[in-house]
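Subject: Structure handover

Hello,

Please find the structure below. My notes on it follow.

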Number of protein chains: 2
Amino acid sequence: MKLKNEQLRQRILISATELIIKDGIEGTSTVKVARKIKMSQSNIYSYFKNRHELLIAVFKYQQQKLIANLAPLLNSQLDPISQIESLINGVIQFGTQNFDTIRVIIIFRNQPSLRTTLPTINEDPFFIKLFELIKNYQDQGIVKSINAEFLVEGAFSIINNYLLANTTGELSFNKLSTDEVVSLVKDLILR
Amino acid sequence: MKLKNEQLRQRILISATELIIKDGIEGTSTVKVARKIKMSQSNIYSYFKNRHELLIAVFKYQQQKLIANLAPLLNSQLDPISQIESLINGVIQFGTQNFDTIRVIIIFRNQPSLRTTLPTINEDPFFIKLFELIKNYQDQGIVKSINAEFLVEGAFSIINNYLLANTTGELSFNKLSTDEVVSLVKDLILR
């Protein structure tokens, strides 16, 4: 794909992201995306076969944005606790700057029918590495030995709740520090 | 309000709930609700002043359904840990039978602009009692002394993740027992 086309593809994905956040997944159609970026609907179909493929591409695009920020934090030099803290802090820092990305991931994962069509952990090198690491920490008795995907999703939910409460400026939530959130997530996942 | 009218009001709320789950909040309008239950839009406006008031009424209706199931579990005879376990189990049991209620609450609370217009804790006797109890447990050093609303929302998110994974039949999640979820939520909120 040429650079120009890749830029157009990205414009479609960003515009679809904005629509999903504004109108929800069900309220997002290729017609609306086309109208938003003044492009013909058929042109969108030259990038994405259908609406569902566009939606999945939006999810992947946003997830990759998150992964690109977290991947450099995987550091085999770190002891387990420091590694875990670094990743939790990484998601909080990233989410503070890119809350739309976190929101879109949560919106997709909270939709039962879409959830099962999302890419799995084994389709991405970062997640493969991350879950190998968690398995390793579980074998060492550091992380709880229950379903690792469930633990990671739980951590992600807590961080999302924190970012959400900060976004809306709920006063009582503002009294919560990043360190307290990191500590809560650690209590959730560590043994 | 006469019984007949109260039944009609409920039909509107249930139909709006179904629409919110299918089409999202933004995809739910008074026109669509009216069409769904073959009623005139003006008739809906005789029950709810406007779309926003209808939405808030849906949230309250579903939250009251949850509260009606949890309120009998508040039992001053129980020791703190048993009380907390009983409440966590109560939400899981209720959510297993009424996942739509949990989903609607989550959908509303994940929407930053709506979130700030939802009823607060101080508007409901159950929540007033619940948060007094938590404050009491915090003073006793049993529950973590960080923002209680954040703790409760975190617990609710973990339970939602569990119900969601069970709904979609994600195989790996099914290996997770209710007891393990209760134990995780306890690790999150207890000191």
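At what angle do the axes of helix 9 of chain B and helix 11 of chain B cross? In this predicted model, the axes of helix 9 (residues 148-167) and helix 11 (residues 178-189) of chain B come within 10 Å and cross at roughly 160°. Axes are lines fitted to C-alpha atoms, for helices over the stretch in contact, and angles run from 0 to 180 degrees between N-to-C directions. Helices are DSSP runs of H or I with at least four residues, strands runs of E with at least two, numbered from the N terminus. Helix 9 of chain B is therefore roughly antiparallel to helix 11 of chain B (angles over 145 degrees).

In helix 9 of chain B, the residues that meet helix 11 of chain B include Leu151(B), Gly154(B) and Tyr162(B); among their partners in helix 11 are Val181(B) and Leu188(B). Contact means heavy atoms within 4.5 Å.

Chain B superposes on chain A by a rotation of 180° with 0.0 Å of shift along its axis, at an RMSD of 0.0 Å (least squares on the C-alpha atoms of residues with pLDDT of at least 70 in both). That is the relation of a two-fold axis. Leu188(B) has the C-alpha of chain B nearest the axis, 2.6 Å from it.

Chain A has 11 helices and zero strands. Its C-alpha trace spans about 55 × 40 × 30 Å along its principal axes.

Residues are numbered from 1 along each chain as its sequence is written, and chains are lettered from A and ligands numbered from 1 in the order in which they are written. Local features need pLDDT of at least 70, side-chain atom pairs count only at pLDDT 80 or more, and totals for chains, interfaces and linings use all residues, while side-chain values use heavy atoms, with hydrogens and water left out.

Regards

Technical notes. Angles under 35 degrees count as roughly parallel, over 145 as roughly antiparallel, 65 to 115 as roughly perpendicular and the rest as oblique.
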